[in-house]
Amino acid sequence: MRTSNERTEKVVVIGGGIAGLSAGIYALDAGFEVEIYEKNRVPGGECIGWNRKGYHIDNCIHWLTGTKKGTELYDVWKRVGALSDDTEYAALDSFYTSTYNGVSVTLWNDLKKTEEELIKVSPEDEEEIKKFIQHVEYSKQCRIPAKKPMDMWGIRDYIKTGMTMKDFPKVMKEFGKISLEDYAKRFKSPLLQKMVTDYLPKSYSAYAFLVSYATMADGNGNIPMGASLQMSLRMEKKFKDKGGVIRYGCGVDKINVENKIATGVTLEDGSFVAADYVIPTVDTALLFGRMLSKDYLPKELKVAYEDEKAYPATSGFQVAFAVDENFNRNKGVSETVFIDIDPIKIGDRLFDRMYVKAYGYDPVCVKDGRQVIQTCITQTDEDYYYWKSLSREEYDVLKDRLSKEVEDRIKKAFPEVESTIEFLDAWTPLTYERYCNAYHGSYMSFITTPQGKQVKMKGQVKGIKNLYVAGQWTSAPGGLPVAVTSGKFAVQRILKSQHRDIDI
Ligand SMILES: Cc1cc2nc3c(=O)[nH]c(=O)nc-3n(C[C@H](O)[C@H](O)[C@H](O)COP(=O)(O)OP(=O)(O)OC[C@H]3O[C@@H](n4cnc5c(N)ncnc54)[C@H](O)[C@@H]3O)c2cc1C
C-alpha cells in the first residue's frame, strides 16, 4: 500500500500499437504514471490505414475477434476504448468466396447455407463437408481467455474453460496436427481444395482455419465501421484522456539494465528516460538483439527463430486500387473473392491465386461513387529474403511491374473495371519491416504448423526484473486479440510482483 507522499511509479511502454496502448491504459488504471514511446508519428502500429489520392486504404481488420458482447475479450476491447456498446459493424454475411474454373463457393456466416452450397457444388464430398461444418460449429466454443494470463490460472479457471469449450478438443484432435495443404486433399473437388488453402498459408495447422471461420460465423469477429486506424485512434484518445503521455517520432534504441533491473530506456537520439517498469511491445526479434542482448532470448522463441520451416512468418505483396462503388455488388459473392490468375513470379516462386477485397461496405473507403479494392499475394520468409536481396532501384522496378501484373489479372477476372480502375498504392514485406520493425515483414506472429509447437513466452525475461514483455509475439499466432490482452497481462504481472490485486 502506497502512502500519499510517495511518488507515483512510472511505466515506460515501448511502441504505440494495440499492445502498447492497451498496456498504457491498464497501467494508468492501476495508478501508474505512463509514457509511451512510439517511433512513428501515428498510433496503431500494424493496426493502421492511410490515404492515397483522397481514398482511405484500410490495412488491418479483416475480422476482430471479441466483438460479441458477454465475452471476456469484448470487455477488454471496451475497456481500452476500441469498442463500445454503440459500435457499428460492417453488415457482412460471409467470410470469403473462392472461385475456380468459373464456379464459386462462399463461406457464409450461416453455416447451413454454406453446407448446402458446398454439397451442391461437390456432392461427392458430402461426408467431408458435413464433418467440416460440424467442426466449425464446435469451434465456435473457442474463446480467447482475457481475464488474466494463463500462468496465473487456478483450478477453477481450468474447470470453467473446460466446461465452456467442451467440444473444442474434438477440433484439435481432428485438425490440430494436419496442415491446410494436407487437409485440402481430403476433398475431391479442386474448387473445395482451393477454398481450404485460399485464406491462410498452406502450412498452417488446419484448426486455425476452422476457428477463424467459426469466429465470423458466431458473430464474434465483426469489423468495426470507420476502419482500423480509427480504432487505434479511439484507444489513443482513451489513453490520453486518462492522463497518459505518448511521444511520437521517438524510437527507443535500448533498454537500460543495471544490477539485473530495468531502469529505463535510451532513445535513438541518445537521451535516457528513467522508469520503474518497462513494457516493450515491439517485435521480439528487435527486442532481443537490439534493445537487449540476444543472450536474454527465451528458449521458446530461440527454437522458433532457428527453424523457419516449422515456424514461418507471413506477410503480403499488396496493391490497392479504386473502382466503381458497385463492383461485385449483388453478385451473390463475398466482399473477399479469391481468383485464379495467370501466374505472377516473385523471385523463384510462382503465385496463381490472389484475392480481391472490396471495401465499399465502409463509407470511409468510398469517395465520389468509387471504392477501394485491395489484393494480396501471401508472402513468407523466403519471399522476404528475395525482396531484401534487391537494390533500391530493383525493388522499385519490381513493385511497379508486379502492380501492373496484378492490375492486368483484375481486369481479366473482372472485365467491367477495364477502363476505370485506378492504381492507388502497393506495399511489400519490406514496408512492414520499415514501418513497424516487423520481423521478416510479418503482420502476425509465428504461424502454428503441425511441425511446431504454439510459441508462447511468459511475459518476463529471465535475469531482468521490472521488465514485462507484451505484444503479439508473446503468443503465436499473434493478431489483435493477443496484442490487446498482452498489454493487460503485462500490467497484471507488475501488480502481482507488488502483491497487489490483479483484478483490474
Ligand atoms: C494487412 C494486415 C491485416 C491484418 N488483419 C488482422 C485481422 O483481421 N485480425 C487480427 O486480429 N489481426 C490482424 N492483423 C494483425 C494485427 O494488426 C497485429 O497482430 C497487431 O496490430 C499487432 O499489435 P502489436 O501492438 O503487438 O504490434 P505492432 O502493431 O507491431 O506495434 C509495435 C509498435 O512498436 C513500434 N516500434 C517499433 N520499433 C520501435 C522502436 N524502436 N521504438 C519505438 N517504437 C517502436 C512500431 O512502430 C509499432 O507501432 C493484420 C495485420 C495486417 C498488417
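## Basis

The model is predicted: local features need pLDDT of at least 70, side-chain atom pairs count only at pLDDT 80 or more, and totals for chains, interfaces and linings use all residues. Residues are numbered from 1 along each chain as its sequence is written, and side-chain values use heavy atoms, with hydrogens and water left out.

## Domains

The protein chain is assigned domain 1 (10-44 + 71-84 + 225-308 + 453-497), domain 2 (94-217) and domain 3 (314-441); the bounds come from an automatic or database domain assignment. Taken over C-alpha atoms, the centres of domain 2 and domain 3 are 26 Å apart. In the contact between them (heavy atoms within 4.5 Å), 15 residues come from domain 2 and 12 residues from domain 3.

## Interface of domain 2 and domain 3

Domain 2 and domain 3 bury about 1,000 Å² between them, with 49% of it on carbon and sulfur atoms. Buried area here is the accessible area (1.4 Å probe) that two parts lose on being put together, summed over both. Of the area that domain 2 buries against domain 3, 43% is supplied by Thr97, Thr99 and Asp198, more than by any other three residues.

One salt bridge is found across this interface, the criterion being a side-chain nitrogen of Lys or Arg within 4 Å of a carboxyl oxygen of Asp or Glu. Arg353 and Asp198 form a salt bridge in which the closest N and O atoms are 2.6 Å apart.

## Elements on the domain 2 side

On the side of domain 2 that touches domain 3, two or more residues each come from β5 (94-100), β6 (103-108) and α8 (190-198). Helices (H or I, at least four residues) and strands (E, at least two) are DSSP runs, numbered from the N terminus. β5 gives the largest share of this side, seven residues.

## Backbone exceptions

Most residues other than glycine have a negative phi, and most peptide bonds are trans. The peptide bond from Ala476 to Pro477 is cis, with omega near 0 degrees; Pro477 is in the loop between α15 (429-436) and α16 (480-497).

Lys53, not a glycine, has a positive phi of about 50 degrees and sits in the loop between β3 (49-52) and β4 (55-58). His440, also not a glycine, has a positive phi of about 55 degrees and lies in the loop between α15 and α16. Lys53 is partly exposed at a relative accessible area of 49%, whereas His440 is buried at 10%; buried means under 20%, exposed over 50%, and partly exposed in between (1.4 Å probe, protein chains only).
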